[in-house]
Amino acid sequence: MDGSGLSHRERRALSAIERALRTDPRFERAMTFGTRLFAQEPDPAAGRPPGGRHGVLGGTVCALAGVALALLPLAVATSEPALIAAFTFAYAATLAGLFLLVRRWCRRDG
């Protein structure tokens with residue numbers, strides 16, 4: 001064996017594989033930008049425009065946060081059970097939406 005540790009036949013096979021990979025633009029882009037080429041799960045957003053689903057969820061979370069912030073002083077000032085319940089629902093829904101957004105952002109960056 002020479003210094004590489006591969007036989008002539010193995011080096012030829014490796015060269016052929018490298019040539020084939022260099023012609024694949026998806027692989028080349030993944031190697032250049034460090035994207036996940038072989039994802040464990042299929043990308044659910046592949047057919048959607050960028051930011052489509054995240055924009056809806058993000059907007060919903062912002063709206064719920066605004067509603068919760070508007071209801072908080074009203075519920076405290078009046079002590080109405082309906083306002084307190086509405087604030088509780090809006091606050092819990094906001095936290096659940098934030099959890100979903102953080103989970104998606106962590107998976108995307110992972």
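## From one residue to the whole chain

Thr94 has its place in helix H4. The model described here is a predicted one, and what follows should be read with that in mind. With a relative accessible area of 8%, Thr94 is buried, because a residue counts as buried when that value is under 20%. When its neighbours within four places in sequence are left aside, Thr94 is in contact with Val61, Leu64 and Ala65.

Helix H4, which spans residues 81-109, also holds Leu95. Leu95 has a relative accessibility of 42% and therefore counts as partly exposed. Together with Tyr91 and Leu98, Leu95 makes a nonpolar surface patch of about 280 Å².

Side chains of opposite charge can pair when their charged atoms come close. The structure holds 1 salt bridge, and this is formed by Glu18 with Arg22, whose closest N and O atoms are 3.8 Å apart. Both residues belong to helix H1 (residues 8-22), and because they are 4 residues apart there, about one helical turn separates Glu18 from Arg22. Glu18 is partly exposed, at a relative accessible area of 36%, while Arg22 counts as exposed, at 55% relative accessibility.

The accessibility values given so far are collected here.

| Residue | Relative accessible area | Class |
|---|---|---|
| Thr94 | 8% | buried |
| Glu18 | 36% | partly exposed |
| Leu95 | 42% | partly exposed |
| Arg22 | 55% | exposed |

Turning to the chain as a whole, its secondary structure comes to 4 helices and 0 strands, and from the N terminus on the elements run α-α-α-α. Of the 110 residues in the chain, 13% are buried. The accessible surface comes to about 8,700 Å², and carbon and sulfur atoms account for 65% of that area.

The chain averages a pLDDT of 81, and 75% of the residues score at least 70. Among the elements, helix H2 (residues 25-33) has the lowest mean pLDDT, 72, whereas H4 has the highest, 92. Where pLDDT is low, the predicted coordinates should not be read in detail.

Note on methods: Residues numbered from 1 in each chain as written. Predicted model: local features only at pLDDT ≥ 70, side-chain atom pairs only at ≥ 80, totals over all residues. Heavy atoms only, no water. Patch = residues over 30% accessible without salt bridge, like charges linked within 9 Å, V, L, I, M, F, W, Y side chains within 5 Å. Areas by Shrake-Rupley, 256 points an atom, 1.4 Å probe, with all protein chains shown as cover. Salt bridge = Lys/Arg side-chain N within 4 Å of Asp/Glu carboxyl O. Helix = DSSP H or I, 4+ residues; strand = E, 2+ residues; numbered from the N terminus. Buried < 20%, exposed > 50% of the residue type's maximum accessible area, 1.4 Å probe, protein only. pLDDT = per-residue confidence, 0-100. Contact = heavy atoms within 4.5 Å.
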